[in-house]
Amino acid sequence: MLIETAFSTRDVLAPDRFSCWREHISQTYMPMDVEGDNTADATASQRILALGSLQLWTMEHSPMTLRRTQKLIQQSDPELYHLSLNLRGKMGLTNSDHEAEYAPYDLVLHDTSRPHLIRAITSHGEETIQGTGLFILVTRH
């Protein structure tokens, strides 16, 4: 069965938008430390289509940094692969053995069971980052 959910900070009072988004990210995907460049003006929207072990998502948000630490992984590990397609802005991904930047239309794959840092920044003249992707449940033996 296909389940659709949507979220937007436009439905939240401006002073509470970033903290609401931070909580939403941690509850929707997995616990993460989320920091924003300008939390007073933060905006975000997301749509998720869930079908069994797959979740298709689209997202648009203000610049932010997302950190998944070993402590957070031990707290909750949904064991997902995260495949994303950056559509607007720039993404930086750092994990224990790799650091890379991704421009629009670059594909990124990482394992949410490993510590990582994602930096989402806007390009010149842009206010938000936009992307789409999949979360795929990992079957580990």
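## Arg-67 and its salt bridge

Arg-67 is partly exposed, at 29% relative accessibility; here buried means under 20% relative accessible area, exposed over 50%, and partly exposed in between (1.4 Å probe, protein chains only). Its partner in a salt bridge is Glu-35, with 3.3 Å between the closest N and O atoms. A salt bridge requires a side-chain nitrogen of Lys or Arg within 4 Å of a carboxyl oxygen of Asp or Glu. Glu-35 is likewise partly exposed, with a relative accessible area of 44%.

## Basis of the model

The model is predicted: local features need pLDDT of at least 70 and side-chain atom pairs count only at pLDDT 80 or more, while totals for chains, interfaces and linings use all residues. Residues are numbered from 1 along each chain as its sequence is written, and side-chain values use heavy atoms, with hydrogens and water left out.

## Other salt bridges

The structure holds four salt bridges. The one between Arg-67 and Glu-35 joins strand S5 to strand S2, so it ties together parts that are 32 residues apart in sequence. Helices (H or I, at least four residues) and strands (E, at least two) are DSSP runs, numbered from the N terminus.

Arg-88 and Glu-60 also form a salt bridge, at 2.5 Å from N to O. This pair links distant parts of the chain, with Arg-88 in strand S6 (residues 80-88) and Glu-60 in strand S4 (residues 54-61), 28 residues apart. Arg-88 is partly exposed at 22% relative accessibility, and Glu-60 is partly exposed at 25%. In a further salt bridge, Arg-114 and Asp-111 have their closest N and O atoms 3.8 Å apart. Arg-114 is exposed, with a relative accessible area of 54%, whereas Asp-111 is buried at 11%.

## The five-stranded sheet

An open sheet of five strands runs in the order S2-S5-S10-S7-S8, with antiparallel pairing; two strands pair if DSSP finds at least two bridges between them. Strand S2 (33-36) and strand S8 (98-102) are the edges, and each has a single partner strand, so one side of each is left without a neighbour in the sheet. From one strand to the next, the twist averages 10°.

Within this sheet, strand S7 (residues 90-95) and strand S10 (residues 116-121) are joined in the antiparallel sense by six bridges. Thr-94 has Leu-117 in S10 as its bridge partner. Helix H1 (residues 17-28) packs on the sheet and touches S2 and strand S5 (64-68), its direction making about 150° with that of S2. Axes are lines fitted to C-alpha atoms, for helices over the stretch in contact, and angles run from 0 to 180 degrees between N-to-C directions. Contact means heavy atoms within 4.5 Å.

## The six-stranded sheet

Six strands form an open sheet in the order S1-S3-S4-S11-S6-S9, again with antiparallel pairing. Strand S1 (2-8) and strand S9 (107-111) are the edge strands, each pairing on one side only. Neighbouring strands are turned by 15° against each other on average, direction ignored.

Eight bridges join S4 and S11 in the antiparallel sense, and the bridge partner of Thr-58 in S11 is Thr-132. H1 packs on this sheet too, touching S1, S3 and S4; its direction makes about 15° with that of S3.

Tyr-29 and Phe-135 have ring centres 4.5 Å apart and planes at 40°, so the pair is tilted. Tyr-29 lies in the loop between H1 and S2 and Phe-135 in strand S11 (residues 129-137), so the pair ties together parts that are 106 residues apart in sequence. Tyr-29 is buried at 10% relative accessible area, and Phe-135 is buried at 3%.

Notes:
Rings of Phe, Tyr and Trp (its six-membered ring) pair if their centres lie within 6.5 Å; planes under 30 degrees apart count as stacked, over 60 as edge-to-face and the rest as tilted.
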